[in-house]
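Please open the model in the viewer and keep the selection panel at hand. The tour moves from one selection to the next.

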Amino acid sequence: HGSARRQSAALTSVELRRLVASCGVDLVGRRDRALLLLGFAGALRRSELVAVEREHLRFTEAGLRLLLPSSKTDQEGRGVELGIVRGKGRDTCPVRALENWLEASACRFGPVFRKIDRWGTIEHRALGGDAVRSILRRRAAVANLAVDGGERLSPHGLRAGFVTEAYVAGARDEQVMEHTRHRDLKTMRGYVRRAKLVTDSPTQLLDL
């Protein structure tokens, strides 16, 4: 009969800080930091993340306007625009990290996240979806970050982590759904139930 597939671990902001702390100031480090932070803050699917192009980005004083020309839930290809504000932390601001990577890579058009070879040459092609998984796992290994044995580390954990953190911070259903592009409230609330297993547990009412 086989075994049930393990769910992706929802990565918290604390875990994300550990991941980006493993990223240096070299080209690979700058790219990985921007990729992880944008993936988390934008609640992006890995296919959406690697499809980001320079032409899709509009920087403002308040933050970033990111255009997603198409996505899993946008079958008509009408596109959707997300707003990402500048973060409070210098090292964890997704907008700042993206600006730093664009400057370092001299990216003026085309794919934002590209492969970098062993000699530091940035290729013109976009990273593939599997590369996002490899980057995440490599950074987790450097940060000595492991997830619960019943879960798995995957790029979807960035998206799940955003939903979890947003709800814990008090975000409303409609706010989260608009940002994550979820069409089904039931699906999205599946993340929330997992997040509240401990935070809303009735055991907190016990005199223990």
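Begin by selecting R159, F162, V163, A166 and Y167 in α6, which meet D173, V176, H179 and T180 in α7. Contact here means heavy atoms within 4.5 Å, and helices (H or I, at least four residues) and strands (E, at least two) are DSSP runs, numbered from the N terminus. By class, this contact of α6 with α7 comprises five nonpolar, two polar and two charged residues; Ala, Val, Leu, Ile, Met, Phe, Trp, Tyr, Cys and Pro count as nonpolar, Asp, Glu, Lys and Arg as charged, and the others, Gly among them, as polar.

The model is predicted: local features need pLDDT of at least 70 and side-chain atom pairs count only at pLDDT 80 or more, whereas totals for chains, interfaces and linings use all residues. Residues are numbered from 1 along each chain as its sequence is written, and side-chain values use heavy atoms, with hydrogens and water left out.

Now display the axes of α6 and α7, which lie 10 Å apart at an angle of about 160 degrees. Axes are lines fitted to C-alpha atoms, for helices over the stretch in contact, and angles run from 0 to 180 degrees between N-to-C directions. The two helices, α6 and α7, are therefore roughly antiparallel (angles under 35 degrees count as roughly parallel, over 145 as roughly antiparallel, 65 to 115 as roughly perpendicular and the rest as oblique).

To see the contact, select V28, G29, R31, D32, L35 and L36 of α2 with V132, I135, L136, R138 and R139 of α5.

Finally, show the largest pocket, with a volume of about 890 Å³. On a 1 Å grid over the protein atoms alone, a pocket is an open set of points where a 1.4 Å probe fits, with protein on both sides within 12 Å along at least five of seven lines; lining residues have an atom within 4 Å of a point. Of its 28 lining residues, F40, A41, V85, P94 and F162 lie nearest the centre. Which strand gives the most to the lining? Select β4, which supplies six residues.

Technical notes
Points joined across faces, edges and corners; volume = space filled by probe spheres on them.
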